[in-house]
Amino acid sequence: MFNEGNVSLRVFAPEELYEGLERLKDKLNFSLSDCGVSVEAVKGGENRVCFKNNRAKITYTKKNLFFRLLGVFLENLSKKVEFDIVEDSFFQGVSAMIDTSRCGVPTVESICEMIDYLALMGYDMAMLYTEDTVKLESREYFGYMRGRYLPSQFKAIDDYAYTYGIEIIPCIECYGHMEKYLFWSEARDIKDTNGVLLAREEKTFEFVEELIKTVSGCLRSKRIHIGMDEAWDMGRGRFLDKHGYVPPFEIFTEYMDGLMEIIRRLGLKPMMWSDMYFRMGNPAHRYYEEDTVIPPEVAERIPEDMELVFWHYGEKSQCDDYMLKKHCELGRRTIYAGGLWSWIGHFPEHNYTIQTVRFSLDACRNNGVREAMATIWTNDNAECDLFCNLFGLSYFAELCFDKNASEDKLRSRFEACTGGSYDGFWAMSLYHNDFDVNNDYPNYSKRFLGKHLFWQDIMEGLFDTHLYEKPMSSHYAASAVKMREFKNDRWDELYRLAEKTFDYLAVKTLIAERLVPAYKDGNRDILTEIAEVLLPLLKERTVSLHEAHRELWFKHNNVIGWANLDIRYAGVAARCDTAILLLKRYLDGKDDIIASLEEPRLHRSLSGFVHYSAISSPNLKI
């Protein structure tokens, strides 16, 4: 492990750096004294660490990069007698976006701890994606029972990040993705469809202005991310009733004009997800099509002071170059946003992040796109703990500062920054698949077995055919054993959660692999074993995992939002009881058949973007 002994440092630095130094002593395992290794910090024109004759000099271009370079220095101090490291400064901005709108709302303490790690990795900006999870003075139901932040909490986060030179930028939605608020009758006057605000409505702009003022008023930054993505059905609800059919582009640009009047009046610098402009320039309304041509009349209506955020998470590999070119041709500043694949179950798929991020950041370099953002989306109830994403965040940052970073360097930097095991965090991806080197996954969705198998119903087995083609029970059993190797560092709770998850999946997939074949073959011995041994064991492991996941959630998140996962875990446990009952009734001769096992197992495709209701049962209506 990096820097096992406490290192004493004598630091000569501007006063503004000392508070951050004090915070990071435990994470980097150093102390400050008058007789330690001499470290001089100088703001200059490069990012460099030089160590010679027991003296270090850290030259940094921006405040936040001093803390990254301090970590680089301490990491290398334990390996080399002397060194001189100059880092790549191509990217002028490296940011992280944390989704706080999918029921998992991290506590202020958790966000601040994550900011510590972002500082060590070299991030200079962070965003909290808040659809409705912020308190508005005049809107009682905005974020009601959603664990929303108070403005004072936003300010506390901003103050904490400012110590490191990290800019906190509000990241909101100003048009679509408003389902959680538009659910309430309080919002009826500004509702077009279930998820889109009502255009051409003065009350809508009053609401949006209050939202923008609230979030931007808490923070030092003048930048703001206004969302504006995936407003699929704009103009098709109450707008249609009031105004008749209006072409979507006309609605969107007219709405944007009104929004920009507010933003400019408030002196803010906006950015937005770029997809709607590209969809309106494509006959099939798709984002990533290579033959898309943005008509001049569309390009001209994009506000000149708008920054365009190109979000691409790798689902159509190698598209970054041509899409970035199309963005740059629009004459607006372009920002690249990649995804850490944190939204597809209990753990991120680090392998896919590794594959997609490297070529995406290379494409940024090839096209002169000098700001890059790592997004931590938590679709479908934030099943994935925030800190599982440290692996992807570290990988993303390292490639921003060294495009040729080797795996050895990536490993060393991750462990130096986080105090965790590189191999332990990588092994969490075994949740998704075994990643056989002979399988190139021509369809990217085929990588993502984990969540589908985790939540599918034990008796209805919507994804059983995948297990008939590729049994996974031995893989999960072996993965649980592997996770037991990782312990005794600050991330033990994450390793134990993964271990329990794999133990659970090992039993659940074993049942799924054997249940229907045994029933069809009339194999009463196997059915008896499932009823008397495996199903009770599955329930036991469900309860144990439920408790471990809840404990970690309560440590890192607002407790509001956990309810859905309580219901999901309890549902699995209850279905174990019902499955035992049905099997015993059948084995005892009380029932001639088990209806759900009589049904043929039809094939259902996997998806990299899937919700619980599409996995567990076709009868689920929640």
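This is a predicted model: local features need pLDDT of at least 70, side-chain atom pairs count only at pLDDT 80 or more; totals for chains, interfaces and linings use all residues.

Biologist: Pockets, then. How much space lies in the largest pocket?

Modeller: About 1100 Å³.

Biologist: How many residues line the largest pocket, and which lie nearest its centre?

Modeller: The lining has 33 residues. Nearest the centre are Arg 102, His 177, Asn 379, Asp 380 and His 611.

Biologist: Which helix gives the most to that lining?

Modeller: α21, with three residues. Helices α5 (179-182) and α21 (563-587) each supply at least two.

Biologist: And how does the lining of the largest pocket split by class?

Modeller: It has 14 nonpolar residues, twelve charged and seven polar.

Biologist: OK, next one. How much space is in the second largest pocket?

Modeller: About 380 Å³. It is lined by 20 residues. Closest to its centre are Tyr 144, Met 145, Arg 146, Lys 180 and Phe 183.

Biologist: Which elements give two or more residues to this lining?

Modeller: α5 and α21. The largest share comes from α5, with three residues. For the largest pocket, the most came from α21.

Biologist: What classes of residue line the second largest pocket?

Modeller: Eleven are nonpolar, five charged and four polar.

Biologist: What lines the largest cavity?

Modeller: Ile 98, Asp 99, Gly 104, Pro 106, Ile 376, Thr 378, Ala 382, Cys 384, Asp 385, Leu 386 and Asn 557. By class, six are nonpolar, three polar and two charged.

Biologist: Switching to the fold. In what sense do β8 and β9 pair?

Modeller: Parallel, over five bridges. Strand β8 covers residues 125-129, and β9 covers 167-171.

Biologist: Which residue in β9 is the bridge partner of Leu 128?

Modeller: Pro 170.

Biologist: Last one. Is β9 mostly covered or mostly open?

Modeller: Mostly covered. Four of its five residues are buried.

Technical notes: Residues are numbered from 1 along each chain as its sequence is written. Side-chain values use heavy atoms; hydrogens and water are left out. Buried means under 20% relative accessible area, exposed over 50%, partly exposed in between (1.4 Å probe, protein chains only). Two strands pair if DSSP finds at least two bridges between them. On a 1 Å grid over the protein atoms alone, a cavity is a set of points where a 1.4 Å probe fits but cannot get out, and a pocket is an open set with protein on both sides within 12 Å along at least five of seven lines; lining residues have an atom within 4 Å of a point. Grid points are joined across faces, edges and corners, and a volume is the space filled by probe spheres set on the points. Ala, Val, Leu, Ile, Met, Phe, Trp, Tyr, Cys and Pro count as nonpolar, Asp, Glu, Lys and Arg as charged, and the others, Gly among them, as polar.
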